[in-house]
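These are my notebook entries on one protein chain. I record what I looked up and how each term is defined.

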Amino acid sequence: SIDGAHKEKVIGTFINDVPNDRNTIRVVRTDGTWLYEGYYAYGELYGKGRISYNMTNPECGIKDSLIYEGNLVANQPHGEGHAEIHLKDIPKGIWYFFRYGIRLEDVPGEKNAEIHMTGKFDNGNFVEGRIETSYGLTIEGSFKEKELYNGKLTKTYNDNGALVGYKAISL
């Protein structure tokens, strides 16, 4: 097991019982919840790769599926990448959630939501690029401390009205 807690099927080269392969290695948990395709060094994910998982949050019941494709360093998205997140069965009263170090707000009480994050990641946090949601929120710029630091936020409503805001750093 890569993390010691799950049964996994690993296809690739091992050195001292840890995955270590310059060729693509595949990891699939036997319960089907997680997949990684890419490079391993000393048991950690490095280089270009793809991570996907499906899980249900035991506290609120939200079904969460994610696909991340891009660069990885020591198991974390780092460098250029794209994350596609699908949330299902969102209970009423959930108005925000966190992904990759960013607080995404204004979840409209919809049952389902889709989020795309394209840009630059730093040690697992989204730091620069574009976020688009299925509920009309688009944020583009640089991010710091869970929010937009410098850039543009657009919220489009069902009646095609829009709210546009800018946040700029003072130099």
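I looked up Thr133 and found it buried, at 13% relative accessibility. The model I am reading is predicted: local features need pLDDT of at least 70, side-chain atom pairs count only at pLDDT 80 or more, and totals for chains, interfaces and linings use all residues. Residues are numbered from 1 along each chain as its sequence is written, and side-chain values use heavy atoms, with hydrogens and water left out.

**Entry: surroundings of Thr133**

I placed Thr133 in strand 12, which covers residues 125-133. Strands (E, at least two residues) and helices (H or I, at least four) are DSSP runs, numbered from the N terminus. Which residues does Thr133 touch, not counting residues up to four places away in sequence? I noted Glu114 and Ile115; a contact means heavy atoms within 4.5 Å. I also found a polar atom of the Thr133 side chain 2.9 Å from the backbone nitrogen of Leu137. A polar contact is a pair of N or O atoms within 3.5 Å; within protein, one must be able to donate a hydrogen and the other to accept it, and residues adjacent in sequence count only if both atoms are side-chain atoms.

**Entry: the whole chain**

I counted the elements of the protein chain: it has 15 strands and zero helices. Of its 171 residues, 35% are buried. I then looked at the contacts with a separation of 6 or more, and 26% of them are between residues 24 or more positions apart. The chain exposes about 10400 Å², of which carbon and sulfur atoms supply 49%. Accessible areas come from the Shrake-Rupley method with a 1.4 Å probe; for residues, only the protein chains shown count as cover.

I followed strand 6 into strand 7 and found the two antiparallel, joined by 10 bridges. Two strands pair if DSSP finds at least two bridges between them. Thr56 stands opposite Lys63 of strand 7. The hairpin of strand 6 and strand 7 has six residues between the strands, and Gly61 there takes a positive phi near 85 degrees.

How many bridges join strand 7 to strand 8? I read 10, and these strands run antiparallel. Leu66 has Ile85 in strand 8 as its bridge partner. Strand 7 and strand 8 form a hairpin with two residues between them, and Ala74 in the turn has a positive phi of about 50 degrees.

**Entry: strands 13 and 14**

I found that strand 13 (residues 137-144) pairs with strand 14 (residues 147-156) in the antiparallel sense over eight bridges. Thr138 has Thr154 in strand 14 as its bridge partner. The hairpin of these strands has two residues between them, and Glu145 takes a positive phi near 50 degrees.

**Entry: salt bridges**

I noted five salt bridges in the structure. A salt bridge is a side-chain nitrogen of Lys or Arg within 4 Å of a carboxyl oxygen of Asp or Glu.

One of them joins Glu69 and Arg50, whose closest N and O atoms are 3.5 Å apart. Why does this pair tie together parts that are 19 residues apart in sequence? It does so because Glu69 lies in strand 7 (residues 63-73) and Arg50 in strand 6 (residues 44-56). Glu69 is partly exposed at a relative accessible area of 43%, and Arg50 is partly exposed at 28%.

Arg130 forms a salt bridge with Glu132 (3.3 Å, N to O). Arg130 also forms a salt bridge with Glu140, with the closest N and O atoms 2.8 Å apart. Arg130 lies in strand 12 and Glu140 in strand 13, so this pair ties together parts that are 10 residues apart in sequence. Salt bridges that share partners join Arg130, Glu132 and Glu140 into one network. I checked the exposure of each: Arg130 is partly exposed at 31% relative accessibility, Glu132 is partly exposed at 37%, and Glu140 is partly exposed at 40%.

**Entry: a surface patch**

Which residues form a nonpolar patch on the surface? I found Trp95, Tyr96 and Phe98, with about 330 Å² of accessible area together. Patches are made of residues with over 30% relative accessible area and no salt bridge; like charges are joined within 9 Å, and nonpolar side chains (Val, Leu, Ile, Met, Phe, Trp, Tyr) within 5 Å. Trp95 sits in the loop between strand 8 (76-88) and strand 9 (96-99). Trp95 is partly exposed, with a relative accessible area of 47%.

Key
Buried means under 20% relative accessible area, exposed over 50%, partly exposed in between (1.4 Å probe, protein chains only).
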